[in-house]
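Dear colleague,

I am passing on the structure below, together with notes on what was found in it. Please read the notes with the model open beside them.

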Amino acid sequence: LWWAVGANMLLTIAQVIGGLISGSLSLIADALHNFSDAASLLIALVAIRIGRKPPDQFKTFGYKRAETIAALINLTTLIIIGLYLCYEAIMRFITPDPIAGWTIVIVAGIALVVDIFTALLTYSQSKNSMNIRAAFLHNLTDALASVGVIIAGTLILLYGWIWTDAAMTLLIAGYVLYHGINEIPKVIHLLMEGTPEGINIDDVVRSLEQNDGVEDAHHVHVWQLDEHTNAMEAHILLSDNADMDQVKTSLKSMLHDEFEIQHSTLEFENSACDKQD
């Protein structure tokens with residue numbers, strides 16, 4: 001990740017210089033996105049360091065959600081960048097400027113190599129982490145942006161189609177927005193204590209009530225402590241003569257095996273409480 005940060009910072013400087021010399025908006029847009037890549041990787045790294053801290057008296061569940069917050073920051077910046085690129089592309093359609101095609105192609109070609117390198121560095125970790133996935137998306141969209149810039153530069157060289165620079169910027173912006181808008185609801189859902197994907201509350205309640213010794217289950221709440229740890233709390237009304245310890249052991253084992261709920265808090269009752277939450 002540190003290698004990826006360094007490579008993106010150097011590339012940003014090279015693209016800004018190339019964009020100013022050539023007059024290419026898409027190259028400067030790509031440079032801006034590269035800078036956001038470096039920033040997103042840096043934020044991801046800081047979040048990983050914070051997330052490794054053990055639980056303490058201030059954060060009794062630990063600091064793993066720092067990575068979720070980092071993902072939210074990175075996806076939000078991805079969307080802002082996409083909107084900004086849309087604005088700049090529309091303005092360039094209205095007032096086109098001359099562009100040096102060769103500079104675009106050369107700098108964007110170098111950028112593509114760096115973008116692929118950094119995307120590969122983050123790909124394997126992105127499968128299991130919202131935090132790294134958000135950073136990976138920055139790098140992936142940047143690699144595709146570099147391809148787009150090369151295509152635009154080539155068309156300008158061959159046919160003098162200056163408008164392709166703005167058009168390609170719009171396509172890049174659309175792709176950036178698509179990924180940002182698609183990923184951010186998942187992060188917000190986790191931060192809002194939403195039910196984990198793949199778990200149905202009714203199924204959980206039904207499984208609890210099917211257990212011997214359980215008369216009723218209510219006040220059932222399921223959420224994620226972090227991206228990989230599910231938690232649940234519930235009130236369990238015991239049947240007459242039920243053994244509480246035996247029921248508890250059975251329920252916790254069932255919750256872990258069937259619903260991957262690693263942290264469950266069960267409150268046992270001998271008479272029904274108010275079910276209104």
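**Packing of H5 and H6**

Helix H5 (residues 130-159) packs with helix H6 (residues 163-191) at an angle of about 170 degrees, and their axes lie 9 Å apart; the axes are lines fitted to C-alpha atoms, for helices over the stretch in contact, and the angles run from 0 to 180 degrees between N-to-C directions. H5 is therefore roughly antiparallel to H6, a label used for angles over 145 degrees. The residues of this contact comprise 16 nonpolar, four polar and four charged, where Ala, Val, Leu, Ile, Met, Phe, Trp, Tyr, Cys and Pro count as nonpolar, Asp, Glu, Lys and Arg as charged, and the others, Gly among them, as polar.

**Basis of the values**

This is a predicted model, in which local features need pLDDT of at least 70 and side-chain atom pairs count only at pLDDT 80 or more, while totals for chains, interfaces and linings use all residues. Residues are numbered from 1 along each chain as its sequence is written, and side-chain values use heavy atoms, with hydrogens and water left out.

**The chain as a whole**

The chain holds eight helices and three strands, which follow one another from the N terminus as α-α-α-α-α-α-α-β-β-α-β; helices (H or I, at least four residues) and strands (E, at least two) are DSSP runs numbered from the N terminus. Its radius of gyration is 26 Å, well over the 19 Å that the globule rule gives for 277 residues, so the chain is more spread out than a compact globule; the radius is taken over C-alpha atoms, and the rule is 2.2 Å times the number of residues to the power 0.38. Taken along the principal axes, the C-alpha atoms fill a box of roughly 85 × 35 × 25 Å. Of the 277 residues, 48% are buried, meaning under 20% relative accessible area, with exposed over 50% and partly exposed in between (1.4 Å probe, protein chains only). Among contacts (heavy atoms within 4.5 Å) between residues at least 6 apart in sequence, 73% join residues at least 24 apart.

**Two residues with positive phi**

Asn 241, although not a glycine, has a positive phi of about 65 degrees; this residue sits in the loop between strand E2 (229-238) and helix H8 (244-259), and counts as exposed at 83% relative accessibility. Glu 260, in the loop between H8 and strand E3 (261-269), also has a positive phi, near 55 degrees, and is exposed with a relative accessible area of 53%.

Key
Parallel < 35°, antiparallel > 145°, perpendicular 65-115°, else oblique.
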